[in-house]
Amino acid sequence: MIRPENEAQLAEAIRDASGALSIRGGATRGLSPAGAAIETSGLHGVRLYEPGALTLVVGAGTPMDDIDTILGEKNQRLAFEPMDHRALLGTSGVPTIGGVAAANVSGPRRLQVGAARDHMLGVRFVTGTGEIVKNGGRVMKNVTGYDLVKVLAGSYGTLGVLSEVSLKVQAIPEAQATLVLRGQGMSDALADLMRAMSTPYDVSGAAYVSSVNGKTGSERRIRVEGMAGSVAYRAGKLADLLGADAVIEGEDSAALWQELRDVAPFAGRDGAVWKVSTRPSRAAGLSQALVEGGQPHEVIADWSGGLLWLLVPEAGDLGAAAIRAAVAQAGGHATLIRGDLARTGVTRFQSQGPIQDRLAAGLRARFDPRGILNAGLMDMTKTGPGADAARVKDPV
Amino acid sequence: MQMPVPDSRILSQKPQLTAALRKVLPADAVITDPAETRAYECDALTAYRCPPMIAVLPSTTQQVSDVLKICHQFGVPVVPRGSGTSLAGGALPTEDCVILGVARMNDVLETDYDDRFIRVQTGMTNLSVTGRVEGEGFFYAPDPSSQLACAIAGNIAMNSGGAHCLKYGVTTNNLLGVTMVMMDGEVVEIGGPYLDSGGLDLLGLICGSEGQLGVVTEAVLRILPKPEGARPVLVGFDTNEVAGACVSDIIEAGVLPVAIEFMDRPCIEATEAFAGAGYPDCESLLIIEVEGSDAEIDEQLAVITAIARRHNPVEVRESRSSDESARIWLGRKSAFGAMGQINDYMCLDGTIPVSELPRVLGRMNELSDEFGLKVANVFHAGDGNLHPLILFDANKDGDLETCEVMGAEILKLCVEVGGCLTGEHGVGVEKRDLMSHQYDPADLEAQMAVKDVFDPKWLLNPAKVFPLANSETRRGAQ
């Protein structure tokens, strides 16, 4: 395990590496490929925090708990509500902002405010040749040169190892309320959520949980946040429009969304978990197509149906063929979040298309010519177990 | 402004190239007569002009693909062009280039209010996109001030912003997918009408790449339901410092206005003389706009005015009606026109951390004295995106050059205090040679590596964004 204490040491470690490197923050997101581990937890701490400019710059290894605490003292937060994967994946360890950024981890509020990538203002990172590169900065609006920040977000360490991340933060609103509506099928429920999203009431969460584990009935949740009077007004308007079995406020409302953010209903249960990004209007049809094709699954829909979490039996190909076929039909992408890749040979990511895959491979080859950074993790040009090792030249 | 020496080999092939282009495009879509190509000699950065060798106006993605395939074979540089409203010279031609204009591609291809997106051809103007969805109560959020004329293609190339991006973000935050033609003619779809695409975020790279990675012919744009209403408050201050502090306090208090606009005294006086909006006599003023129902607006404005009053304002003028709102916005909206009445001006676009506002404005006054040119400031204060207008006289020998040097000094100052060269206009040719003030060679190398992957021969808009010395070996390697 290599644990650099600063960016220069990180660059040196990568420059001197003679084989594959497995990049990790807290290793909580189940994405550690083979190779010598480089852990970024030594690159921690606040570099700059200006609450009046909504700007936070931190070392990539800074724990998420520390960030929550620092921001919380000024009544601020990360707007994109990043998921904590530990419960779902059964991992332990300390999630870091570097992991959130590298995997572009977002949560329910993504449909209102954007993803992690939309809140990243700048990055510093070390390429596969040990070069230190910066891009973006600490200001809100910046079109100076290419936006490498976006492509580093969600590159899972394969283009470079993040050493510093600059973020746009958000004030925590005075109030929140969640409308809960019970007992509808997925299709009707999603229709309600899409309707809510088409109102001017600035909905910040719109989710549907199916009859999970047979224990509870299905549930729709619609969240509004803001100043107290405004929240009451908008919750009232939405209730007039869609009805409401309950209106849950304050911390109880926050707890509902944290549970959803972390996909808690699927935590501790057997089965593989898929994350599907699709058009909300086609989400119910996608689930229906799986049923008709004999693929059992339970579903949680977030982002008014734009994000589906699917729990499927840990059998055969983990539902890969059926799910990817249904997604191809509806449009979108399916990513395996939990499941035995080595045994099944299922690829975690889906091909984006031949030209796109070629461009992505070209970028990785330029930023990491030796192919040592999280080798093979995102590689669509080779598939299955062993792809990682195949890209590494002469591992010593 | 230095541009690469035109390639005589390419110039000599104009007849063959023209013939090849005429095989794939209608006759009126291939423009070769110097009298007509002159129409494409510059964009909104009119100080620099150079007619292209040929201009083409394709109508379909297939035609764009055909054109690029031919240009790729001939090894001819291609400069993509939206509506030509770039303030940075993003669409400035070279003598040996083909201008590829997307103006004829302006259809709406799909609108979906459940999934909240619109798919358009990128020659459509920014405002016309909103025009197509507002009947259903929706709008497209990025609103650059040229929105009546500017094309979505250019918005994507420059990652355009606008006055309301404090709340809604800039183009990259509202772009879901593109259809793009690569320099070799290959057509690729990136992203689509869903939120995350998996794999590397190529879409994020393309947005803001100034037409150097591919020609975007179609775009999937996020549309949003319109708020119930909006109203501004105008607050005048004795000093710029206090106005700056007030901006920080409002943001920190957790209210999220859709816009916070700032004007300084030179700008206020010029707009008063021009538009007579009745602004107070003060050093600086803020226009802060919030959205929602009437009651929600009142709730937010109460918080904002309470904060403003703690800063001893000269005046607080809260709008109570759409008439009053229009009067508050009148001066701001006519600011550029007003400045243009008195003088020629150069509009800069640096961004700074909001906390550095007083220092930067102070230093700008010193520079103004040093160079003997006046500066007026009108900008988006909420996100620190400055638009200093340097006033000069184009008919006076040397004035433009002095203005350029002074502009460069101001932009370097922006970088020095932790900001950047350009917040929403783009680098183009205008700020190309300043890039090394913001980025080290390794930083520029990493960006150029991206272009190597998308456009290995460096034929797309090649003389932009990167200092010519840095890109020279790549541009030569054909």
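B:Ala20 sits in helix α2 (residues 14-24) of chain B, where helices (H or I, at least four residues) and strands (E, at least two) are DSSP runs numbered from the N terminus. With 19 C-beta neighbours inside 10 Å, B:Ala20 counts as partly exposed; a residue is buried if 20 or more other C-beta atoms, placed from the backbone, lie within 10 Å of its own, exposed if 12 or fewer, and partly exposed in between. B:Ala20 and B:Leu195 are 175 residues apart in sequence and, C-alpha to C-alpha, 40 Å apart in space.

A word on the model itself. It is predicted: local features need pLDDT of at least 70 and side-chain atom pairs count only at pLDDT 80 or more, while totals for chains, interfaces and linings use all residues. Residues are numbered from 1 along each chain as its sequence is written, with chains lettered from A and ligands numbered from 1 in the order in which they are written.

Chain B holds 18 helices and 18 strands. Its radius of gyration, taken over C-alpha atoms, is 23 Å, close to the 23 Å that the globule rule (2.2 Å times the number of residues to the power 0.38) gives for 478 residues, so chain B is as compact as a globular protein of that length. The C-alpha trace spans about 70 × 55 × 40 Å along its principal axes, and 57% of the 478 residues count as buried.

Next, a pair of helices. The axes of α10 (residues 265-275) and α13 (residues 335-342) of chain B come within 8 Å and cross at roughly 85°; axes are lines fitted to C-alpha atoms over the stretch in contact, and angles run from 0 to 180 degrees between N-to-C directions. The two helices are therefore roughly perpendicular to each other (65 to 115 degrees; under 35 is roughly parallel, over 145 roughly antiparallel and the rest oblique). Among the residues that meet here are B:Phe274 in α10(B) and B:Met339 in α13(B), contact being C-beta atoms, placed from the backbone, within 7 Å.

As for the partner chain, 77 residues of chain B are in contact with 70 residues of chain A. Helix α17(B) gives the most to this side of chain B, with nine residues. By class, the side has 32 nonpolar, 28 polar and 17 charged residues, where Ala, Val, Leu, Ile, Met, Phe, Trp, Tyr, Cys and Pro count as nonpolar, Asp, Glu, Lys and Arg as charged, and the others, Gly among them, as polar.

Methods:
Two residues are in contact if their C-beta atoms, placed from the backbone, lie within 7 Å.
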